[in-house]
Amino acid sequence: MKHARRLVAGTLAAGALALSLTGCGDSAAPTERLAGKTAQPTPEAGGATPSTASPSPAPGGASDEAYKKWGLTAPLQYAPKPAQKPQVPKPGPGKVPVIDRIPVPADDKVVFLTFDDGAEKDPEFLKMAADLKLPISMFLTDSVASSDYGYFEKIRDNGSASTINNHTLTHPNLRTFSFAAQKKEICGQQERLEKHFGQRPPFFRPPFGNYNDDTLRAASECGVSSLVLWRVSMQINNFQYAEGSALKPGDIVLAHFRGPGELKGTTETQMTTRMLQRIQEQGFRIGRLEDYL
């Protein structure tokens with residue numbers, strides 16, 4: 001119970017830990033900030049039962065040679081589905097819980113990959129995601145992703161068990177919106193994603209990490225089960241952390257579907273290779289977010 005209260009406090013106090021992406025020497029365009037800190041839009045508890053399985057690629061994972069093709073020096077390690085999902089704080093009546101880190105045991109070195117928006121649709125990234133069987137939780141914004149929802153369907157269906165989730169219709173700062181306007185943004189995207197992909201997403205991420213009580217109520221009324229934030233953001237070459245200088249067990253990693261125009265000439269696949277290298281260097285496995293929430 002004490003752990004649960006600490007997690008709630010940590011989530012609500014994330015603003016004190018957040019660091020702006022703006023101004024970093026190798027950062028991408030400053031479209032979002034680390035979760036929890038109020039940002040103005042700019043052009044962007046208990047524990048689970050530890051797994052006793054040894055770190056190894058999940059069934060149906062990447063081939064033995066795929067890592068070499070994409071610039072890695074060793075195969076990626078994937079975390080198996082836990083025997084029991086971690087306990088997360090229960091939200092207030094009529095609200096959804098806010099999750100910015102999965103409460104896994106301290107010795108369970110697992111992180112989770114999330115990609116936002118959907119503006120960039122790089123064919124090479126399709127190949128990379130399929131070859132490596134990356135389990136990606138995609139948070140899509142209709143205004144930029146809908147020009148080719150089929151692209152994201154290919155990622156979902158490549159054998160990696162990747163998923164489609166909600167990132168609003170138009171990517172606004174929801175904190176400046178009324179309850180009714182927030183509900184329109186969230187429910188509207190739920191409906192469009194259901195129409196295109198066959199089911200309503202369980203997770204929602206507010207643009208810029210900005211939300212308030214109206215957001216939590218609107219998301220609940222739209223059928224969302226969790227509001228998902230992050231503690232680590234991938235820049236062009238390195239991670240930026242909301243706290244400390246290294247990954248922590250249960251970290252949710254934020255990346256974006258971005259191209260060379262926003263990544264100072266770097267491609268999305270190059271950025272992703274560097275992200276995966278940093279995960280490997282710190283001895284972490286990659287989990288599937290939906291297996292833990």
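This is a predicted model: local features need pLDDT of at least 70, side-chain atom pairs count only at pLDDT 80 or more; totals for chains, interfaces and linings use all residues.
Biologist: Which residues have the most contacts inside the largest nonpolar core?
Modeller: That core has 42 residues. Helix 4 (residues 123-132) gives the most to this core, with 5 residues. The residues with the most contacts inside the core are Leu132, Phe152, Leu276 and Ile279.

Biologist: How many residues are in the second, separate core?
Modeller: Its members include Phe204, Tyr211, Leu227 and Leu229.

Biologist: How many aromatic pairs does a search of the whole structure find, and which residues form one aromatic cluster?
Modeller: The search of the whole structure gives 8 aromatic pairs. One aromatic cluster is made of Phe115, Phe125, Tyr151, Phe152 and Phe257.

Biologist: Why is the pair of Phe125 and Phe257 classed as it is?
Modeller: A pair of aromatic rings is described by the distance of the centres and the angle of the planes. For Phe125 and Phe257 the centres are 6.0 Å apart and the planes stand at 90°. Planes over 60 degrees apart count as edge-to-face. The pair is therefore edge-to-face.

Biologist: How many residues apart in sequence are the parts that Phe125 and Phe257 tie together?
Modeller: Phe125 lies in helix 4. Phe257 lies in the loop between strand 9 and helix 9 (268-281). The pair therefore ties together parts whose separation in sequence is 132 residues.

Biologist: Is Phe257 buried or exposed?
Modeller: Buried means under 20% relative accessible area. Phe257 has a relative accessible area of 1%, so Phe257 is buried.

Biologist: What is the angle between the planes of Phe152 and Phe257?
Modeller: These two rings form an edge-to-face pair, 5.1 Å centre to centre. Phe152 lies in helix 6 (residues 149-156) and Phe257 in the loop between strand 9 and helix 9, so the pair ties together parts 105 residues apart in sequence. Phe152 is buried, with a relative accessible area of 0%. The angle between the planes is 75°.

Biologist: Where is Thr114, and which side chain does its side chain meet in a polar contact?
Modeller: Thr114 is in strand 2 (residues 110-117). At 0% relative accessibility, Thr114 counts as buried. Residues that Thr114 touches include Ser137, Phe139 and Ile252. Its polar contact, at 2.9 Å, is with the side chain of Arg205.

Biologist: Which residue forms a salt bridge with Arg205?
Modeller: The closest N and O atoms of the bridge are 2.8 Å apart. Arg205 lies in the loop between strand 5 (203-204) and helix 8 (213-221), and its partner in strand 2, so the pair ties together parts 89 residues apart in sequence. Both residues of the pair are buried. The partner is Asp116.

Biologist: Over the face of which ring does Arg205 lie?
Modeller: Arg205 is 4.4 Å from the ring centre. The ring belongs to Phe139.

Biologist: Which residue lies over the face of Phe179?
Modeller: The distance to the ring centre is 4.3 Å. The residue is Arg217.

Biologist: How many residues apart in sequence are the parts tied together by Arg101 and Glu243?
Modeller: Arg101 and Glu243 form a salt bridge, with the closest N and O atoms 3.2 Å apart. Arg101 lies in the loop between strand 1 (98-99) and strand 2, and Glu243 in the loop between strand 8 (239-241) and strand 9 (252-256), so the parts they tie together have a separation in sequence of 142 residues.

Biologist: How far apart are the closest N and O atoms of Glu243 and Arg231?
Modeller: These two residues form a salt bridge. At 7% relative accessibility, Arg231 counts as buried. The closest N and O atoms are 2.2 Å apart.

Biologist: Which residues are linked with Glu243 in a network of salt bridges?
Modeller: A search of the whole structure finds 18 salt bridges. The residues in the network with Glu243 are Asp100, Arg101, Arg231 and Asp251.

Methods: Residues are numbered from 1 along each chain as its sequence is written. Side-chain values use heavy atoms; hydrogens and water are left out. A nonpolar core is a set of buried Ala, Val, Leu, Ile, Met, Phe, Trp, Tyr and Cys residues joined through side-chain atoms within 4.5 Å. Buried means under 20% relative accessible area, exposed over 50%, partly exposed in between (1.4 Å probe, protein chains only). Helices (H or I, at least four residues) and strands (E, at least two) are DSSP runs, numbered from the N terminus. A polar contact is a pair of N or O atoms within 3.5 Å; within protein, one must be able to donate a hydrogen and the other to accept it, and residues adjacent in sequence count only if both atoms are side-chain atoms. Contact means heavy atoms within 4.5 Å. A salt bridge is a side-chain nitrogen of Lys or Arg within 4 Å of a carboxyl oxygen of Asp or Glu. Rings of Phe, Tyr and Trp (its six-membered ring) pair if their centres lie within 6.5 Å; planes under 30 degrees apart count as stacked, over 60 as edge-to-face and the rest as tilted. A charge sits over a ring if NZ of Lys or CZ of Arg is within 6 Å of the ring centre and within 35 degrees of the ring normal. Lists of a residue's contacts leave out its neighbours within four places in sequence.
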